[in-house]
Amino acid sequence: MSKRMIKFVLNGKPIELEVEPELLFVDLLRERLGLTGTKVGCGEGDCGACTVLVDGKNVNSCLMLAVKADGHDIVTVEGLGDYDKLHPLQEAFIAEGAVQCGFCTPGMLLSAKSLLDVNPHPKREEISRHISGNLCRCTGYTKIVNAIEKVACQGGGEDRE
Amino acid sequence: MQFNYHSPKSETELAALLNGMEDYCLLAGGTDVMVKMKEKLISPRNLVDVSGIESLKGIRETAGSLWIGPLVTHRELMDSPVMNKKTAALCLAASEVGSPQIRNAGTVGGNIGNASPAADTVPALLALDAKVQLNSANGSENLPLDKVFVGPGRTCLKSGQYIAGIHVSPVAAGEGAAFAKFGKRKALACSIVNGAAWVRVQGGVITAARIALGSVGPTPVRLYETEKWLVGRKPEPAVFAEAGLQAEQSVRPIDDVRCTATHRGKLARVTVQRCLEAATKQAMEVCVCE
Amino acid sequence: MSDYKVIGHSVQKLDAVEKVLGVAKYAADIQFPGMIYGKTLRSKVAHGVLLSVDTGKAKALPGVVSVLTGDDIPGSNSSGIIIKDEPVLVKNGQKIRKIGDPIALVAAETEEIAEQALRLIEVKVDELPAVFDPVAAMKDDAPKIYEKGNVLAVRKIRRGDVEKAFAECAVIVEQDYQTQMAEHAYIEPEAGVAKLDGDIVTVWVCTQNPHYDAKEIARNLNIGLNRVRVIQATTGGGFGGKLDVSVQVHLGLLAVATRRPVKMIYSRHESIANSVKRHPFIMKLKSGSDANGKLLAFEASIIGDTGAYASYGPGTLTRSAVHVMGPYEVPNVKVDAYTVYTNNPQAGAMRGFGVPQVAFAHESQMDILAEKLGVSPLKIRLINALRPGSFTGTGTELKDSVGIVETLEAATAGAKKTMELNW
């Protein structure tokens, strides 16, 4: 299969590379770029562990061909924060006990971000609805919703600086 | 997965590419196609990614009709101000598809092309009298949506044809439309039964109706008999109940992992009853307001 | 707030920062240079005898590094937490007892090649009639899944004289109950990586049971425990389901056979089809009380479907037997709990370990009893609840704290408060 050149922005940095057309975007991230924060829980778009943001919208990277990243702005969990400066959502998830096994956490954080970026002060039901594509088997969701709500009350987390 | 990947940038390019091409599958949002390919249910030699074709995107209002580009995502549909104003039931249906992630990627054209009997936007589109424009290198044709489906996962699209647009009728004054869905969960649930209804109420009686149900047979269905029966009747609970009963008796659902056939029949009844109730309520509210 | 540093406070989870940053390493995230990928060929039939496995075509496929069958296992070819009844790879002439029983392993340069190789392995099986219903499996004429019969274990409790006590009861409630099989569905599917360091096998794996894993690897590789290291990778949920071995022994075998780092990741489908489940129960409960609602006698039979292999079955059913009368004092008790083999997926540990199933039954009994006596569901429980000084159904005296009465009273006060707020 002939390879394709793709260009996209990943966590704020421009990237240009050649990919096989059958390569999944999640595999590009995990296998080729070593960004293993994006998880695979079901491989069929049901669990949301592989959630990334494409132009600000949360999508399942396990159902996305890598070639489709061409021309888009993509954010993964690695683009949210670092040890020195956690994203407000990351801080809230820790403080509220929203992290247990942690496998759903990266996807959950990104879905939360995609909500707060367009709707900084969502209602609790809106939060629940927006994370409905991210399954968590440990928490029962209450603490995750609490954490997102905490950031929403503080001003939506859109102003990190 | 192994395939030749094509990404035409225009409809002309797409039509020319598909002309004579064997063993291909069109790829839009990929929320169904990718799953089927990963599960090896399909393994097309050619994957034609249409997502770069600008003319298949967007929502446009034309005289007496709304044009929906097949690449419009469920998210775009549910967020569209014009669609929410003119076809709220369709926006509601779009908001019930999969999850936020699926709605951000999945498209209306894909929902039709995938031909799942449980597709959520389809009953709403049917109730809004949707017409589908099918194009190919050999020309163009317009078909009522219910003529498109021939079986589970199968459409009438001929080799070389693609969905170029969807026309729906806006809900006017004195008219109402509603959508309802039953799933096992509130999100990420394949419909056990879904349905929609559209009615026109004039002078206190129903003068026209369209009812559609999904997940109660090999394809989504229109209930033409019940639609006819409704004409001339008063929009009242007993009439909705009788229409629901007719729906239960006319559908031929199957038993599967999600639901038994018997229960599906009962849900079909409730779906029709509730949709008619909500649709007529809307129709009469508009009457009063204007 | 309490005076303690930890108790009574919300404590930050130890690895929470790594988890929110996405840098915590789960097994599937671990990479080594030269790493290959393992896949498992599994039975498509539920019961049969394996006649032959032809791996010739699979071995010839370019990119395939190794194909192993039961004949390639240097050690015991068995695993199991309580009873070693589960084959690591079913050998020629041996029994297949469920859909999904492992038959062969493939290691290849890529996952795709490994999957392709699985399809090239030819398996012949002499299929036998299967049994999926534990009650049917207990009958004499049922297909025998094991030579010694399908009833793996019977746990009996006898206390007092049940027959005499029931004769004295004013009210008796007799009812059948059934619960279903359940899947843990931890969000992280099973995964692991194995690597040789000299003659030491190191396995990074998602697990709840690393010491058990190490012993199973050593027994099957026929090497000393000092040559096996199992490192629990950050684990994406378990709920009891990651107590049994999944990829551990298979990884060890492939690493030794190929002398290369090997990774195995289950798809969600493979995970659900082959991991242990919560035991489905079939129960018959009989409770009797005097006219005041005081329990005098209790009798129960419990049949737990443990599937094709024991896993934690006998332990689960023991817990069920001990707890089936609920947190209530009954002087006369008779319980029979059966752990039964079927050709279903094996059932093992899952949150509550046999108690959630019986809780549904004994609490239903109490509600029915209350209704028959015309007292409130709360009162019937307060009358019978265990207290300090009470004896349990197995005759243990509870000398110190027993929280149920206090809990019921606190819940009642809470409910009253909610009622006042809402009315």
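Hi everyone, let's start with helix H9 of chain C, residues 313-323, where the buried residues are Gly313(C), Thr316(C), Leu317(C), Ser320(C), Ala321(C) and His323(C). Before I go on, please keep in mind that this is a predicted model.

Now to another helix, H11 of chain C, which runs over residues 377-384. Its buried residues are Ile380(C), Arg381(C), Ile383(C) and Asn384(C). If you look down the axis of H11(C), these buried residues fall within an arc of 160°, so they line one face of the helix. As a reminder, an α-helix has 3.6 residues a turn, so residues three or four places apart point the same way.

Let's zoom out to the domains. Chain C is divided into domain 1, which takes in 32-128 + 184-274, and domain 2, which takes in 134-182 + 277-417. Their centres, taken over C-alpha atoms, are separated by 37 Å. Where the two domains of chain C touch, 17 residues of domain 1 are in contact with 18 residues of domain 2. The domain 1 side of that contact has seven nonpolar, five polar and five charged residues.

Last stop, the contact between chains. Here 29 residues of chain A are in contact with 24 residues of chain C. On the chain A side, the elements giving two or more residues are helix H2 (88-95) and helix H3 (105-118). By class, that side of chain A has 17 nonpolar, nine polar and three charged residues.

Note on methods. Residues are numbered from 1 along each chain as its sequence is written. Chains are lettered from A and ligands numbered from 1 in the order in which they are written. This is a predicted model: local features need pLDDT of at least 70, side-chain atom pairs count only at pLDDT 80 or more; totals for chains, interfaces and linings use all residues. A residue is buried if 20 or more other C-beta atoms lie within 10 Å of its own, exposed if 12 or fewer, and partly exposed in between; C-beta atoms are placed from the backbone. Helices (H or I, at least four residues) and strands (E, at least two) are DSSP runs, numbered from the N terminus. The arc is that of the directions from the helix axis to the C-beta atoms. Domain bounds come from an automatic or database domain assignment. Two residues are in contact if their C-beta atoms, placed from the backbone, lie within 7 Å. Ala, Val, Leu, Ile, Met, Phe, Trp, Tyr, Cys and Pro count as nonpolar, Asp, Glu, Lys and Arg as charged, and the others, Gly among them, as polar.
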